Amino acid sequence: MQAARIAITAARGAAKGFSAALSIAPDIGGPFAVVKGATSGIAAGPLPHRPIDDPQQPGLALTALRVLELQAQRRHLDAVGRFMRGLLGQGKLLAEWDKLRQAGPLRTWFAIDPRLPELQALPWERLADDGGGFPALDPGSSVFRAQALPSAATPMDWPIRVLVASCAEPDVLAAQQIGADAERLEIERLFASAALRYDVEYDVLEHPSVAQIIEWCRKVRPHVLHFIGHGRGDGPPGQHALSLWRPGTAGQPGAYEDWPLVNIAVQLKGIAPRVAFLNACRTGAGWSEPAPVASLDEAFLRAGSAATVAMQGDIAGDIALEFSKACYRGLLSGGGLALDLAVQQARWQMTVARPGAIDQEPDWSLPRLTLAAAPAEVLPRPPRQPLTTLAQRFVARLPERREAHEAVRCCPPASDKLSRHLLLIVGAKLSGKSHLARWTAQASERAGSRVARIEFNPEDKVDWLEALRWIRDDRRRPVGAPPSTAPGAPLPSEHFRDFNWGLNRRQRGITAFEPTPAHGPVPDDGLALTEQSGQTEDLTRDTLASFRDALGLCAEPDGLLLVLDQLQGLDTRAMGEVLMEHLFKPVAGGAVDKLRLILVLDEKLYKDLRVPFTLMERPPRLVEVPLFSPGDFRRLARQLCHQWSPLLYTEENVVSAIDKAAFGKPTSPPWDVQAFKTVDKLCESMLEMRPDLATP
């Protein structure tokens, strides 16, 4: 798509004027060429004052600051658009720009000199043309702001992670005024549906503190932070802040916690979300005097965000909902719009939701998009995923998922003293440990790694040699079933030829033997450990060393993730002595370079083995999986309903049935993973009885 840049630059020297120039390029990546003669501006002196006819205020003249006041007062908005056009109306600039717009879809970005805060604060989205149209509403085009626009953003690390921070006061009247509950539910519905089709994760923090949002950004690194609440953007920038409602405790009333814009710029440095969607009043309101950070959205850009969507004035909750809903639908639609085109489409939707004279309606021009990267690169379309994968139906554990995924991808810095190869997933019974392990395995499989996941039988107490055979042979596979060739299928048997050959001989007491035959299968003779052979150090040491070598072959070329679950099915010596010393410890230290090992442990087994794990030279990383709190369960059950159909959770009998199933038992706590299965069955049954609730 063709691109146009309107650069507004402060005059040199002591002059207070400015100049503007139009440049064009085949696409947003450039190179841009200045259109000859397409310049305008005022060489010196203050910005122009334009008189308007106002019976209540005779002699009223428009200045940049007055424009902002009138926009807030919803008065003389037709004059606002004309005033801003008048600022650029000298020379050929607007005429050439109009020609480009008429020729077809056009991306237009305003690059406004930071030395011109009065112009930066203007609502350029309201700029009108001579025919009464508005470029910020042109279908298929876009208008946004940027300083310097690179051709590409930092590469995405999938999945796309979305965090909704719901920070409005829960009071009924206050919530209705900004539509916080309606907006949160609508976003949940959109992303619950999208998560079944695309590599997308989302979660909601209800009434978080500033510290909790910062910690979430540090741990989970959300790509999108969607803020629902209040913005304080009036007065000098030093007074600008996001306001977060914090519930009271111990009988104390709740209160608002402010997050000043200067703190945002500092506290999110290096961990800022890729996109900050600040759907709250005055989060994009600037100031007419110079300031280190002029607005709340600029604070996120200073911290490292690639894009911000913010409001330049006060906006009603219902229209803010229409804007965010239309914007996300554009991003997640079949075609998958770039962020700038999705915002432009959402502005248009605001004019439909609030019918009236467009030139007199202020709401559609309130959203402003500011970019620090090329629009198509800010939030690229996520890969499409099969509907049936567990990963897409996982509605919880975002921090834990992030920790586990980073651990197996070797993202931690090399200076970290913890192991880059061994991860422990620990939790109470039915907390969802295995669910998290399976999700991590699927995520690694999609990234191209070979995956093997072994679930031992908790009722068995197998010795260490049988445990190795379980891993080698993939005991999950039904007896007699043919081996699969898919990633995560049983490990390739050819890589265990040396292991089998040596094992057969060591078990017979042969310590020196000829090399493995070059061709043909080498089966395991299946000899069991005897009391004597099982205690032989040479047998255990050499057999485990050969087994590690075989795993190293399986890990070539793209890595191997090995998940061992239900480890209470191994006998005490197998876990605490042999495998700990000859498998877990060497793997933790990096003895098998491309192998990542996940051990899933219940709390009791971890308590028994905690000391030897801690004493390793490179102790394993630990992800703890607690049981769900009642509030978390209700929220996650709602998200699960949305996956079946966004209409389900609007039915009172469905909500009542979920509450009864989850909270109607006298036992405590009932909210474990089994309760989610109950919710799943309820949703399935309800859709069978009420097919009208199913989404097309």
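Q: What does buried mean here, as against exposed?
A: Buried means under 20% relative accessible area, exposed means over 50%, and partly exposed is in between, using a 1.4 Å probe and protein chains only.

Q: And what kind of model is this?
A: It's a predicted model, where local features need pLDDT of at least 70, side-chain atom pairs count only at pLDDT 80 or more, and totals for chains, interfaces and linings use all residues. Residues are numbered from 1 along each chain as its sequence is written, and side-chain values use heavy atoms, leaving out hydrogens and water.

Q: OK, Cys217: buried or exposed?
A: Buried, as its relative accessible area is 0%. Cys217 sits in helix α7, residues 210-220. Helices here are DSSP runs of H or I with at least four residues, strands are runs of E with at least two, and both are numbered from the N terminus.

Q: What is Cys217 in contact with, leaving aside neighbours within four places in sequence?
A: Pro222, Leu268 and Ile271, where contact means heavy atoms within 4.5 Å. Leu268 is 51 residues away from Cys217 in sequence, yet their C-alpha atoms are 7.8 Å apart.

Q: How many disulfides are there?
A: The count is 0, taking a disulfide as a pair of cysteine sulfur atoms within 2.5 Å. As for other cysteines, Cys167 is buried at 0% relative accessible area, and Cys554 is buried at 2%.

Q: Switching to strands, what order does the open sheet have?
A: Its 5 strands go β18-β19-β20-β17-β21, with parallel pairing. Two strands pair if DSSP finds at least two bridges between them.

Q: How many bridges does β17 make with β20, and how many with β21?
A: There are 6 between β17 (residues 422-427) and β20 (residues 595-602), and 5 between β17 and β21. Leu423 has Ile598 as its bridge partner in β20, and stands opposite Arg621 in β21.

Q: Which helix lies across β17, β20 and β21?
A: That's α21 (residues 603-614), running at about 130° to β20. Axes are lines fitted to C-alpha atoms, for helices over the stretch in contact, and angles run from 0 to 180 degrees between N-to-C directions.
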